[in-house]
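Colleague: I have not looked at this one before. Can you walk me through it?

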Amino acid sequence: MSARRILALTRRLLQQFRRDHRTLALVFVAPIVILSLVSYLLRGDTTGPKVDLVVEDSAQAAMAVAAEVETSSEIAVTRTDIARARDDLENNRISGYIRLPAGFSERVTRERVVAPEVTVQGDEPGPAETVVKAVQSATGAATTTLVQGQSPRLEPAISYRYGGPSLDTLDYFGSAFIVFIVFFVVYVVTSVAFLRERTQGTLERLMASPLRRLELVFGYMLGFSILALLQSAVVMTYSLAVLHIHNAGNPALMFVVVAVTALMAVNLGIMLSTFARTEFQAVQFIPLVITPQAILAGIIVPISSEPAPLQVVSNVLPLTYAAYAMRDVMIRGAGLDYPPLLLALGVIAAFAALLIVTAGATVRRTVG
Amino acid sequence: MAPNTPAIELTDVTKSFKSLRALDGASLAVDPGEIYGLLGPNGSGKSTLIRMIVGLVRADSGRVRVLGRQMPDMSVLAEVGYMTQQAALYPDLSIVENVRFFAALWGREDGVDAALEVVDLGSRRDSTVATLSGGMRTRASLACAIVHQPKLLLLDEPTVGIDPQLRAQVWDSLAEMAKAGTTILVSSHVMDEAERCQRLALIRAGKVLAEGTVAQLKKKAGVSRLEDAFLKLSEEPAA
């Protein structure tokens with residue numbers, strides 16, 4: 001062991017860092033940007049899930065509970081009737097509705113049972129839990145002031161439009177994670193491979209051949225798509241057969257979603273690698289391009305729970321639509337007759353087409 | 001293309017990369033079917049000149065005509081073979097897979113066996129490129145550049161880093177191709193290779209100092225060794 005030799009290495013690395021402005025910017029700026037994003041996401045102003053409140057009992061207990069629910073800071077409540085609430089739920093305008101049925105107050109006084117009906121979408125874990133929790137705290141606060149002595153039991157009747165209480169965390173997050181993992185791996189592999197063409201000098205050779213730029217990017221797209229499709233099949237089979245992630249939809253449709261996402265990732269990899277000179281620079285795009293999508297695509301935090309400005313950002317990220325589409329299929333059991341699924345698939349495909357055409361334009365024929 | 005049209009004609013070409021002047025009013029003409037040498041030290045602008053001929057570098061000013069066509073013109077590339085300075089190959093593929101790939105880009109898969117024959121790699125065709133010696137890599141790279149039987153072959157320092165015996169072999173192959181009608185432009189910084197060129201240009205600091213046969217250049221400088229001619233001509237203003 002020689003301290004001198006070790007220090008020589010250390011000094012050389014520091015000299016290299018000083019010259020590499022791109023890496024420096026990344027090392028200091030990226031963590032701050034990402035942390036700010038996460039903190040805004042988790043602490044920023046959110047209205048909470050939208051919830052309809054239907055009150056069909058005008059007695060004292062129901063009125064007290066309704067008042068407490070309406071002032072809840074965790075959910076955004078709208079008073080309406082049952083027909084409207086069902087319609088809102090059906091058309092995905094709300095996360096769920098709370099119904100205080102006729103006889104609600106009587107059961108509180110006679111049986112000492114607080115029994116609101118809670119119906120939630122159940123396609124995302126966040127909002128469903130928030131609604132149930134808001135009902136619990138509201139009824140708790142209302143009934144302690146109403147009923148003397150022994151406090152009443154809370155027995156909410158919770159029903160789910162999709163999924164249900166049998167779904168665990170993996171079932172909820174699994175669908176979006178499958179597309180994210182495929183997206184990420186395919187992106188890295190493609191961008192590094194395209195860069196290798198430049199660093200080993202073969203790109204210069206290709207540019208001096210009759211090969212056209214669009215032919216080049218389409219060739220890459222096809223080659224890596226075949227690999228990506230095989231990967232998608234393996235990931236899907238493992239998720240369903242080994243991990244038993246809940247799937248209410250058609251596995252073939254799942255495959256379509258994963259495949260279209262993989263294609264989009266291939267094109268993103270090609271497009272961004274035309275902006276990098278070395279493989280190292282291509283990898284540096286990960287914190288800039290992949291991480292924000294992982295945070296904002298609704299994979300971890302549902303988009304409906306994000307602060308409004310971030311929702312705007314989420315809605316222009318391609319991965320958001322991939323996560324939407326995958327949830328539509330796996331949790332909602334949607335088929336191709338479900339318009340939101342078609343829309344999401346269309347958006348991903350449009351992104352893929354836009355990226356490949358951009359890549360064809362950004363890959364440079366000349367070297368100087 | 002008329003029979004007397006030069007295969008390559010550069011007229012007063014300049015090119016700068018930021019503050020570096022790579023080519024500074026260079027002019028030369030290469031006749032069809034000849035082996036033409038670009039001789040000059042490292043950094044004199046040889047690679048930039050060759051890249052300009054294949055359209056990888058755009059001239060800031062001046063005129064570039066290749067096979068009778070004004071560059072840049074992609075249709076010229078169908079008839080041009082280009083071997084980069086670094087033996088640019090796919091290291092994880094075999095020799096024949098590399099050659100076949102480039103052949104397919106020109107739609108000339110039928111030329112694969114002949115190209116491997118020229119560079120004498122027929123017996124090693126299935127070896128992975130990553131396992132090859134430098135000399136064999138250079139020859140495999142040459143095979144990729146000639147597989148479509150180009151009318152014009154551009155070689156950027158093809159003999160760098162290969163031993164004298166192999167170097168002689170490469171030059172023999174080039175002479176054979178020239179005899180068959182291929183125009184060959186080859187750059188080198190090794191003076192003794194110039195003797196194998198029919199004509200050559202001496203390049204320094206982005207300028208063509210002189211153009212002609214070896215004998216003409218020696219006569220012009222009034223010396224008996226080409227190396228001395230180069231040094232002598234470097235001192236005078238460019239021709």
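Modeller: We can go through contacts, helices, strands and a few single residues in turn.

Colleague: What kind of model is it?

Modeller: This is a predicted model.

Colleague: How many residues of chain B are in contact with chain A?

Modeller: 17 residues of chain B are in contact with 13 residues of chain A. On the chain B side, 13 of the residues are nonpolar, two are polar and two are charged.

Colleague: Now B:Trp106. Where does B:Trp106 lie?

Modeller: B:Trp106 sits in the loop between α2 (95-105) and α3 (112-118) of chain B.

Colleague: Which residues does B:Trp106 touch, leaving out those up to four places away in sequence?

Modeller: B:Trp106 touches A:Ser209 and A:Pro210 in chain A, and B:Ala78 and B:His148 in chain B.

Colleague: Why does B:Trp106 count as partly exposed?

Modeller: B:Trp106 has 19 other C-beta atoms within 10 Å, so it is classed as partly exposed. A buried residue has 20 or more.

Colleague: And what separates B:Trp106 from B:Ala194?

Modeller: Their C-alpha atoms are separated by 31 Å, and the two residues are 88 apart along the chain.

Colleague: Back to α2(B). At what angle do α2(B) and α4(B) pack?

Modeller: The angle between α2(B) and helix α4 (residues 134-146) of chain B is about 25 degrees, and the axes are 8 Å apart. That angle makes α2(B) roughly parallel to α4(B), because angles under 35 degrees count that way. The crossing of α2(B) and α4(B) is right-handed.

Colleague: Which residues make the contact between α2(B) and α4(B)?

Modeller: From α2(B) they are B:Ile95, B:Asn98, B:Val99 and B:Phe102, and from α4(B) they are B:Ala140, B:Ala143 and B:Cys144. Six of the contact residues are nonpolar, one is polar and none is charged.

Colleague: Now helices in chain A. How do α7(A) and α13(A) cross?

Modeller: The axes of α7 (residues 169-199) and α13 (residues 318-330) of chain A come within 8 Å and cross at roughly 140 degrees. The crossing of α7(A) with α13(A) is right-handed.

Colleague: Which residues make that contact?

Modeller: α7(A) contributes A:Ser175, A:Ala176, A:Ile178, A:Val179, A:Phe180 and A:Phe183. From α13(A) come A:Leu319, A:Ala322, A:Ala323, A:Met326, A:Arg327 and A:Met330. By class, the contact of α7(A) with α13(A) has 10 nonpolar residues, one polar and one charged.

Colleague: Strands next. How many residues of β3(B) are buried?

Modeller: Five of the five residues in strand β3 (residues 35-39) of chain B are buried. B:Ile35, B:Gly37 and B:Leu39 point one way from β3(B), while B:Tyr36 and B:Leu38 point the other way.

Colleague: Does β3(B) pair with β8(B) in the parallel or the antiparallel sense?

Modeller: β3(B) and strand β8 (residues 183-188) of chain B pair in the parallel sense over five bridges. B:Leu38 has B:Ser187 of β8(B) as its bridge partner.

Colleague: And how many bridges are there between β3(B) and β9(B)?

Modeller: There are four bridges between β3(B) and strand β9 (residues 199-204) of chain B, and the pairing is parallel. B:Tyr36 is partnered by B:Arg199 in β9(B).

Colleague: There is an open sheet in chain B too. In what order do its strands come?

Modeller: The order of the four strands is β2-β1-β4-β5 (chain B), and the pairing is antiparallel. β2 (20-30) and β5 (69-70) of chain B are the edge strands, each pairing on one side only. Five bridges join β1(B) to strand β4 (residues 61-66) of chain B. Across from B:Thr14 stands B:Ser61 in β4(B).

Colleague: Last topic, backbone angles. What is the phi of B:Asp12?

Modeller: B:Asp12 has a positive phi of about 50 degrees, although it is not a glycine. Most residues other than glycine have a negative phi. B:Asp12 is in strand β1 (residues 8-17) of chain B. With 13 C-beta neighbours inside 10 Å, B:Asp12 counts as partly exposed.

Colleague: What about A:His244? Is A:His244 buried or exposed?

Modeller: A:His244 counts as exposed, because it has 11 C-beta neighbours inside 10 Å. A:His244 is in the loop between α9 (213-242) and α10 (251-273) of chain A. The phi of A:His244 is near 50 degrees, again a positive value in a residue other than glycine.

Key:
Residues numbered from 1 in each chain as written. Chains lettered and ligands numbered in written order. Predicted model: local features only at pLDDT ≥ 70, side-chain atom pairs only at ≥ 80, totals over all residues. Contact = placed C-beta atoms within 7 Å. Nonpolar A, V, L, I, M, F, W, Y, C, P; charged D, E, K, R; others polar. Axes fitted to C-alpha atoms, helices over the stretch in contact; angles between N-to-C directions. Helix = DSSP H or I, 4+ residues; strand = E, 2+ residues; numbered from the N terminus. Left-handed = near helix turned anticlockwise from the far one by under 90°. Buried ≥ 20, exposed ≤ 12 C-beta atoms within 10 Å, placed from the backbone. Parallel < 35°, antiparallel > 145°, perpendicular 65-115°, else oblique. Pairing = 2+ DSSP bridges.
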